[in-house]
Amino acid sequence: MAANMRIVIGLAVFSSVLASCAGSARSATEGQANGAPVTQERAGLEITFRQPAEWVSVVDGKETPVPAIEMGDDDETMKIVREGALHSQVMKNLNALAVERGPRLTGSENLRKAQDWASQQFRDWGLTNVHMEQWGTVGIGFDRGPSSGVIYLARPMRPETRPGVNTRDPAPAAAAPADASKEEAKAEPAPKLEWNKAREVELTALSWSMGTNGPIRGPVIREPKDEAEFQAVQGELKGAWVLVQAPPALGMRGIRSMMSARYEMRKEARKKVAEGKSVSELPVAERLAFEPIAGYISSSRDERVWTGAVSGWRDLTITDRDGPEDDQPHVQVRLSDYDFLNSRLADGEKVEVEFNLDHHFKAGPVPVHNVIAEIKGSKYPDEFVIISGHLDSWDGPGSQGATDNGTGSSVTLEAARILKAVNAKPLRTIRFVLWAGEEQGLLGSKGYVESHKDELAGISAVFVDDGGTGYQAGVQAANVQIEMLAAASAPMNNVFFSRFDKKFLNVDIKDTGETMKTHGGSDHASFNQAGVPGFFWEEGGRADYGYGWHTQNDKVNLAIEEYLIQSATNSAVVAYRLGCAPTLLPRAKADASERPNMLRREPRGASPPPAPAQGNPSRS
């Protein structure tokens with residue numbers, strides 16, 4: 001987003017005599033402004049907020065009349081919209097989570113601190129039943145400290161200056177002729193080398209993997225592929241970093257699966273030897289696990305490095321990580337860093353690298369939680385509308401966990417703040433949940449479904465914001481759900497106009513027929529599998545989700561504030577209106593084709609994903 005952009009929010013002054021909502025479109029006399037527009041300027045954003053003459057729904061991309069369903073009070077709804085537009089704290093929330101607390105791996109101290117902070121925010125805003133609800137444990141906690149990598153190149157030192165040879169000083173008097181035989185006996189000393197820093201690398205390593213226990217510097221050699229190559233380099237392996245051949249063009253999951261598969265290969269090799277097999281009988285790639293190398297270097301396929309987890313991460317114990325014999329460090333670098341190393345080696349140059357992976361492990365089992373808070377329903381307290389996003393993130397070096405999913409968590413928090421700020425009184429309970437364990441397989445939401453079986457029948461709908469920093473552009477829904485969702489989202493259409501995108505940030509309800517045809521790539525899928533309507537907000541706009549997704553680039557500078565303002569406001573409006581609807585949202589027919597862990601598609605421009613590695617059932 002350009003630094004010189006500014007916000008200009010045009011706000012009409014609303015009539016205070018609006019009637020209680022009957023679900024019909026607002027007329028010009030009911031909704032039209034009285035008096036001059038009110039404007040507010042704020043650096044960093046460009047959006048116009050308008051009150052339309054009447055509400056409309058958007059279904060399958062077309063504006064339609066608002067279904068006549070009673071959903072609370074119109075005036076209360078517009079207070080929600082004004083509060084979200086004019087007093088947003090969504091970026092404050094995002095900075096508190098992503099900048100001040102950083103990436104938030106499941107089971108890490110950063111996640112615990114973020115959960116503590118979010119819980120206190122809910123309390124400060126006046127929500128009730130605020131608590132952290134445990135859904136399980138992990139074997140060991142993992143906290144990643146600073147990580148760095150540097151490439152060094154060798155070159156001969158400049159020779160010492162000698163008068164008459166490499167200076168303009170006169171040469172000294174000639175010495176007496178030396179004995180030729182003695183001169184021949186003198187060996188010419190090898191030129192001394194000096195090492196110069198060539199470049200810093202951007203890197204990652206799998207979460208729960210071994211670190212370096214301080215900086216480790218050593219020469220770089222290519223990985224031997226057969227016995228002859230192994231014998232040729234065996235004397236050079238001690239302390240060396242082994243450069244693994246770049247993989248074919250793969251998407252993010254392929255790169256992470258390859259690193260996890262190599263981790264599993266080394267683990268299995270150690271198991272074979274422990275059971276009596278000779279190291280010499282192992283394939284060359286497995287034999288390297290018993291050599292005194294510094295570690296491995298593998299490549300991404302572009303300028304992003306992607307973070308994932310070692311296989312079997314949840315079953316690790318502290319004894320699996322209490323010594324260097326447990327595994328060898330393995331870093332992933334950008335393709336440009338790999339190409340630089342490979343090219344220098346091809347030219348016969350001497351290359352060294354230094355990596356420092358500051359990995360810390362905490363003995364477990366470590367309890368893991370979701371954060372829960374509520375606005376209690378005034379008439380149906382045991383029926384629920386759930387607004388949610390996952391608070392956990394991957395923790396690769398450089399990442400702040402901003403757009404996956406600090407943005408969705410910040411939107412969830414802001415929706416709660418908005419509703420409490422206007423003292424909204426829904427008939428049903430609106431529950432706000434910040435999930436954990438999503439990145440490792442929707443674990444927090446699955447745990448919630450399992451422990452709240454007695455409440456599932458009373459859940460009207462579950463909404464998940466986990467699509468990055470785009471605006472909430474709509475949901476896919478079964479035909480029996482269209483009218484209620486269209487009515488619930490109608491007050492948001494033709495309201496937020498992005499002058500950058502030159503369009504309104506509208507909410508499109510898409511009819512998928514008798515079943516809800518949605519992917520299983522986030523926490524909504526846990527509810528769909530249990531027969532509860534779960535919705536993933538499709539996100540629109542100019543954001544490039546794949547640039548930051550699980551990479552070193554996932555920082556707050558990717559966030560687009562105008563979109564987050566719209567998203568938080570929409571979440572609050574939809575929650576309030578469904579919370580005031582006369583019935584729960586209808587259930588759709590089950591879609592037998594949807595699988596619980598169906599992987600979300602790769603972002604645009606990425607290669608098709610290969611099958612995920614066994615033992616690491618992560619959606620992302």
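1. Helix α15 is mostly covered: 19 of its 19 residues are buried, buried being under 20% relative accessible area with a 1.4 Å probe, protein chains only. Helices here are DSSP runs of H or I with at least four residues, strands are E runs of at least two, and both are numbered from the N terminus.

2. A quick note on provenance: this is a predicted model, where local features need pLDDT of at least 70, side-chain atom pairs count only at pLDDT 80 or more, and totals for chains, interfaces and linings use all residues. Residues are numbered from 1 along each chain as its sequence is written, and side-chain values use heavy atoms, with hydrogens and water left out.

3. The length of α15 (residues 561–579) checks out, because 19 residues at 1.5 Å a residue should span 27 Å and the end C-alpha atoms are 27 Å apart. The expected span is 1.5 Å times one less than the number of residues.

4. Now strand β14 (residues 380–390): eight bridges tie it in parallel to β15 (residues 428–435), with Val-385 opposite Ile-430. Two strands count as paired if DSSP finds at least two bridges between them. β14 also runs parallel to β16 (residues 459–464), over five bridges, and there Ser-388 has Val-464 as its bridge partner.

5. Then there's an open antiparallel sheet of three strands, ordered β3-β18-β19. β3 (47–49) and β19 (503–504) each have a single partner strand, so one side of each lacks a neighbour in the sheet. β3 meets β18 (residues 496–498) through three bridges, and Thr-48 is partnered with Phe-497.

Terms used. Buried means under 20% relative accessible area, exposed over 50%, partly exposed in between (1.4 Å probe, protein chains only).
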